[in-house]
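Please keep the sequence and the structure in view while reading.

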Amino acid sequence: MLVTPDAVLWVAGVDEAGRGPLAGPVSAAAVILDPTRPISGLDDSKKLTPARRDAFDLEIRERALAWSIAWASAEEIDRINILQASMLAMQRAVAALTVQPTRVLVDGNRCPDVGCEAEAIVGGDGLVPSIGAASILAKVARDRLMCELDRTFPGYGFAGHKGYPTRTHIEALRRLGPCPEHRRSFGPVRALIEVAG
């Protein structure tokens with residue numbers, strides 16, 4: 001039987017990175033893997049070394065049927081909250097795919113509205129290869145952006161802690177005050193603003 005293109009079921013894996021940091025955007029990626037070009041060893045990005053993530057990042061971009069990365073800014077996070085901003089970034093990632101999926105698998109326990117069937121899978125980045133691939137693209141893209149922000153806003157150590165609330169970051173925040181990329185709705189940043197104000 002001849003399979004017509006619109007009879008093919010494309011499944012996209014979706015994940016985000018950067019919900020916990022005090023600074024920078026949240027990133028999200030969507031990946032449709034090519035079943036004829038499998039990538040072995042995909043896993044939750046947090047379980048991989050930076051070197052392995054970088055290697056997978058290249059392989060995914062080269063072999064996937066379609067992939068995209070999208071963002072929600074620190075300003076959007078402050079305006080609509082981190083959960084809604086994560087959902088927004090994931091929606092944008094799915095919408096930006098050059099091949100529109102018929103089904104979307106999302107890491108976690110909630111799905112964004114993506115205009116097709118969607119399923120949330122807790123721990124999906126370690127269970128579903130396409131979600132693992134999305135987690136890697138989102139993490140690598142965000143880490144690279146935080147290294148760029150480190151050059152734009154020196155002194156905070158963004159290249160090292162990537163915006164997470166480490167002791168070094170909190171000390172720099174106290175010393176320098178927040179920069180435009182800090183999430184003012186997050187407790188430690190808000191507390192410093194209130195003390196300064």
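## Basis of the model

The model is predicted, and local features need pLDDT of at least 70 while side-chain atom pairs count only at pLDDT 80 or more, whereas totals for chains, interfaces and linings use all residues. Residues are numbered from 1 along each chain as its sequence is written, and side-chain values use heavy atoms, with hydrogens and water left out.

## The annotated binding site

An unreviewed UniProt entry carries the annotation "binding site" for D15, E16 and D107; its positions are given in the numbering used here, feature names are shortened, and such annotations may be inferred rather than shown by experiment. Although these residues are spread over 93 residues of sequence, they cluster in space, with a largest C-alpha distance of 8.1 Å.

D15 is found in strand β1, residues 11-17, and E16 belongs to strand β1 as well; helices (H or I, at least four residues) and strands (E, at least two) are DSSP runs numbered from the N terminus. D15 is buried, with a relative accessible area of 3%, and E16 at 19% counts as buried, where buried means under 20% relative accessible area, exposed over 50% and partly exposed in between, using a 1.4 Å probe and protein chains only. Leaving aside neighbours within four places in sequence, the contacts of D15 (heavy atoms within 4.5 Å) include D107, D125 and A134, while those of E16 include V26, S86 and M90.

## The largest pocket

The lining of the largest pocket takes in D15, E16 and D107 from the annotated set. On a 1 Å grid over the protein atoms alone, a pocket is an open set of points where a 1.4 Å probe fits, with protein on both sides within 12 Å along at least five of seven lines, and lining residues have an atom within 4 Å of a point. About 220 Å³ of space lies in this pocket, a volume being the space filled by probe spheres set on grid points that are joined across faces, edges and corners.

The lining comprises 13 residues, of which E16, A17, G18, K46 and Y164 lie nearest the centre. By class, the lining has two nonpolar, three polar and eight charged residues, where Ala, Val, Leu, Ile, Met, Phe, Trp, Tyr, Cys and Pro count as nonpolar, Asp, Glu, Lys and Arg as charged, and the others, Gly among them, as polar.

## A134 in helix α5

A134 is found in helix α5 and, at 0% relative accessibility, counts as buried. Not counting residues up to four places away in sequence, A134 touches G13, V14, D15, A29, A30 and V31.

## The aromatic pair

Y156 and F158 form a stacked aromatic pair, 5.3 Å centre to centre with 10° between the planes. Rings of Phe, Tyr and Trp (its six-membered ring) pair if their centres lie within 6.5 Å, and planes under 30 degrees apart count as stacked, over 60 as edge-to-face and the rest as tilted. Y156 is buried at 6% relative accessibility, and F158 is buried at 0%.

## Positive phi angles

N81, which is not a glycine, has a positive phi of about 85°; N81 lies in the loop between α2 (74-80) and α3 (82-95) and is partly exposed at 40%. K162 has a positive phi near 60°, lies in the loop between α6 (158-161) and α7 (167-176), and is buried at 16%.
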